[in-house]
2 protein chains.
Amino acid sequence: MKQRGSILWLTGLSGAGKTTIAKGVAQELQKRNYLTEVLDGDIVRTYLSQGLGFSKQDRDTNVQRIGFVANLLSRNGIIAIAAVISPYRQVREELKQTTTNFIEIYVQAALAVCESRDVKGLYAKARAGQIKHFTGISDPYEEPINPDIICQTDQFTVEQCVNQVLHYLETQGLISTDFLDRS
Amino acid sequence: MKQRGSILWLTGLSGAGKTTIAKGVAQELQKRNYLTEVLDGDIVRTYLSQGLGFSKQDRDTNVQRIGFVANLLSRNGIIAIAAVISPYRQVREELKQTTTNFIEIYVQAALAVCESRDVKGLYAKARAGQIKHFTGISDPYEEPINPDIICQTDQFTVEQCVNQVLHYLETQGLISTDFLDRS
């Protein structure tokens, strides 16, 4: 039984919950014995994109690079889960066209909510002008127009969002429905 | 039947035959239905390492980055074949320690032979001083001390070298020996 690869691309503001959902989905998939890799924006910046900054061009390069790696995994049957702000629409659209089973997941929460969470203290620094090019504050975020999934993390729990993603994968035949009836 | 992943790391001078052997091995493995990805130095520089130059630091970053990606594949059961000059010993040793099933393959040919092949015309340019930091001419190549395989491309054919690699994988139990008796 060879599994089908895919790319779960979680885009959204800092603090929207991308990494949390990515880890939750990965954990559930691993329980079901699916091969999964999480490509988290922060980790990937260390290993793949050191030296890149936060200009539009550098952000796009970062996204393309993660997309390239995710696609190597996806086309070999691995489920690659990328959690990356990826604020620009065009480069996301390009990945959608050029990669295997790309699923765009908009991890959505109001800016005020993300800012009030401020898990890493970054919004405070951005407001104070200590971080430039900060998405949502001093840099744009271009919302997906037609994402495959929208996880509204200011209205639903992490568990609900994780299940939403798993259910989508099941309905698309990307994972089996053996566990469809879990409550 | 889940396959075992590995990293076939082909190191050697420009023109030694790394890419040719990588492609040959990949082709044979694909015939046997193994999932395989070739990470070729030149291609990878476009997708993963744009902006990096050929200083020791940049070369090491390039090698670490390819190693990171190869390991994502290897630990998920894919055979990743990297064809990269990777002239510095220490960073290769680090990869050997930190990745899954790293196999160092020294693709070896005398400098004079590589230079006489000069497939890409690079040696001529390096000799003319038009390319700086050229491995073997104006930049060092640190030979592997204890490689898992040495492919001597100035003494053996491509086919012989490819078979040498396949045979090694068979003896290590990384691929099955169903085809061991091919002539």
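In this predicted model, helix α3 (residues 56-74) of chain A packs with α3(B) at an angle of about 25°, and the axes of the two helices are 10 Å apart. Because angles under 35 degrees count as roughly parallel, α3(A) is described as roughly parallel to α3(B). The two helices pass each other in a right-handed crossing. On the side of α3(A), the contact is made by Val69(A), Leu72(A) and Leu73(A), and on the side of α3(B) by Val69(B), Leu72(B) and Leu73(B). Sorted by class, this contact has six nonpolar residues, with no polar and no charged residues.

How many residues of chain B are in contact with chain A? There are 15 residues of chain B in contact with 15 residues of chain A, and on the chain B side helix α3 (residues 56-74) gives the most, with six residues. That side of chain B, taken by class, has eight nonpolar, five polar and two charged residues.

Within chain B, a further pair of helices can be examined. The axes of helix α1 (residues 18-31) and helix α7 (residues 158-171) of chain B come within 9 Å and cross at roughly 60°, and α1(B) and α7(B) are therefore oblique to each other. Their crossing is right-handed. From α1(B) the contact draws on Thr20(B), Ile21(B), Gly24(B), Val25(B) and Glu28(B), while α7(B) contributes Val158(B), Cys161(B), Val162(B), Val165(B) and Leu166(B). By class, seven of the residues in this contact are nonpolar, two are polar and one is charged.

| Helix pair | Axis distance | Angle |
|---|---|---|
| α3(A) and α3(B) | 10 Å | about 25° |
| α1(B) and α7(B) | within 9 Å | roughly 60° |

The buried residues of α1(A) are Lys18(A), Thr19(A), Ile21(A), Ala22(A), Val25(A), Glu28(A) and Leu29(A). What do these buried residues of α1(A) pack against? Their partners in chain A are the strands β1 (6-11), β2 (36-40), β3 (79-83), β4 (102-108) and β5 (149-152), together with α7 (158-171). After α1(A) comes Asn33(A), whose phi is positive, near 70°.

Technical notes: Residues numbered from 1 in each chain as written. Chains lettered and ligands numbered in written order. Predicted model: local features only at pLDDT ≥ 70, side-chain atom pairs only at ≥ 80, totals over all residues. Axes fitted to C-alpha atoms, helices over the stretch in contact; angles between N-to-C directions. Helix = DSSP H or I, 4+ residues; strand = E, 2+ residues; numbered from the N terminus. Parallel < 35°, antiparallel > 145°, perpendicular 65-115°, else oblique. Left-handed = near helix turned anticlockwise from the far one by under 90°. Contact = placed C-beta atoms within 7 Å. Nonpolar A, V, L, I, M, F, W, Y, C, P; charged D, E, K, R; others polar. Buried ≥ 20, exposed ≤ 12 C-beta atoms within 10 Å, placed from the backbone.
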